[in-house]
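Let's take a friendly walk through a protein model together. Have a look at the sequence and the structure first, and then read on.

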Amino acid sequence: MKKHMLCKKCLAVFMLAAILTGCSGTPEERQESAVDTGGPGIDTGEAEIISEAENHGEETPVIYSFVDVYGESYEAVLKEEVPANVYEYSRIREIGGYKYYTDETGNPVSRLGIDVSRYQSEADWRAVKEAGIDFVMIRCGFRGYGESGVLKEDERFQTHLAGAREAGLDVGVYFFSQAVTEEEAVEEAEFVLTLLEGQEVSGPVVYDTEEIRDDTARTDFLTPAQITDHAVAFCERIRRAGYKPMIYANMKWLVFSMEYERLSDYEIWYADYEPVPQSPYRIRMWQYTEEGRVPGIEGNVDLNVWFP
């Protein structure tokens, strides 16, 4: 998704030249020029500045670019209402096969985690802990994205939760939402709270909202305002129950499918598989790959950095 801005200075020069030469020249020669602001995704949390109103005293917009997991490029206007990134992403290091955020001397200060669901059917949680994993995010349930939208518990939730807790890992949970009304979002939150009754969960309770790319979904018709309304409704119900709410999404979803400026009260679990986060905004957790390998987990698993 490329954006262009009008080169107003060039337009003025062309118009003056046309007047002085009796409006000579073809329409193509008099056409206003455009400057392509596209480029590689930012990797330091600093956005590219582009002026659309030079010498006119107007506010200068900030444009940043990023790529999605499929390599498609996008540009978006920086939202000043959203808290800015506070980390120096140049301090992200790979140590022992995993990524960490480090201090000024190169020592890790972040925490390393994985997220699992029924797709990780078996786990040796002690081996996971011994491999250096600090925390695990477990899918507790989901709403089907078909028309009926049935609420279901993840079939491995209880087993994963018990094993992770016994191994001494910190545990949070996430719920994959397909709510089409605020009432359904609250229903999802109530469903999660029921699953957590009597359980020890020290980490956040996450609202997982994302695009269904290769199929139709019951949420396809929703507006950014509605999707944001549902996220807020879920998170506020979770907060009232005494848990810490969080929202999971990637950059494309946050800036084009939600009203990001309304989410400042919630920490973000940000999905981005580039070498460092492309987000110019503050995030708490970064899911940096879906192809991680961890002793004790068969096959690939998502890896996450929890920033200090």
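## A buried ring and its partner

We start with F66, which counts as buried because its relative accessibility is 1%, and the cut-off for buried is under 20%. Keep in mind that this is a predicted model. Y74 is also buried, with a relative accessibility of 7%.

How are the rings of F66 and Y74 arranged as a pair? Their centres are 5.5 Å apart and their planes meet at 20°, so this pair is stacked. To count as stacked, planes must be under 30 degrees apart.

## More aromatic rings

The F66 and Y74 rings also belong to a cluster: ring pairs link Y64, F66, Y74, F256, Y260 and Y281. In total, the structure holds 17 aromatic pairs.

Another pair to find is Y207 with F234, and this one is tilted, with 4.9 Å from centre to centre and 45° between the planes. Y207 sits in strand β12 (residues 205-208), while F234 sits in helix α6 (residues 224-240), so the pair links distant parts of the chain, 27 residues apart. Are these two residues buried or exposed? Y207 counts as buried at 3% relative accessibility, and F234 is buried too, with a relative accessible area of 0%.

A ring can also have a charged neighbour. Look for R213, which lies over the face of Y70, at 3.9 Å from the ring centre.

## Helix α4 and its histidine

Now turn to helix α4, which covers residues 157-166 and contains H160. The relative accessible area of H160 is 1%, so this residue is buried. Which residues does H160 touch, leaving aside those up to four places away in sequence? The answer is V116, S117, Q120, S121, A123, W125 and I138. With Q120 there is a polar detail to look for: its backbone oxygen lies 2.7 Å from a polar atom of the H160 side chain.

C140 is 20 residues from H160 in sequence, and their C-alpha atoms are 9.6 Å apart in space. C140 counts as buried, because its relative accessibility is 0%. C235 is buried as well, with a relative accessibility of 0%. How many disulfides does the structure hold? The number is 0.

## The whole chain

Finally, let's step back to the chain as a whole. The protein chain has 7 helices and 16 strands. Of its 308 residues, 46% are buried. The chain exposes about 15400 Å², and carbon and sulfur atoms supply 48% of that area.

What share of the contacts with a separation of 6 or more comes from residues 24 or more positions apart? In this chain, such residues account for 63% of those contacts. The pair of Y207 and F234, 27 residues apart, is one example of a link between distant parts of the chain.

How values were computed. Residues numbered from 1 in each chain as written. Predicted model: local features only at pLDDT ≥ 70, side-chain atom pairs only at ≥ 80, totals over all residues. Heavy atoms only, no water. Helix = DSSP H or I, 4+ residues; strand = E, 2+ residues; numbered from the N terminus. Buried < 20%, exposed > 50% of the residue type's maximum accessible area, 1.4 Å probe, protein only. Contact = heavy atoms within 4.5 Å. Polar contact = N/O pair within 3.5 Å; in protein donor to acceptor, adjacent residues only side chain to side chain. Phe/Tyr/Trp six-rings, centres within 6.5 Å; stacked < 30°, edge-to-face > 60°. Lys NZ or Arg CZ within 6 Å of the ring centre and 35° of its normal. Areas by Shrake-Rupley, 256 points an atom, 1.4 Å probe, with all protein chains shown as cover. Disulfide = S-S within 2.5 Å.
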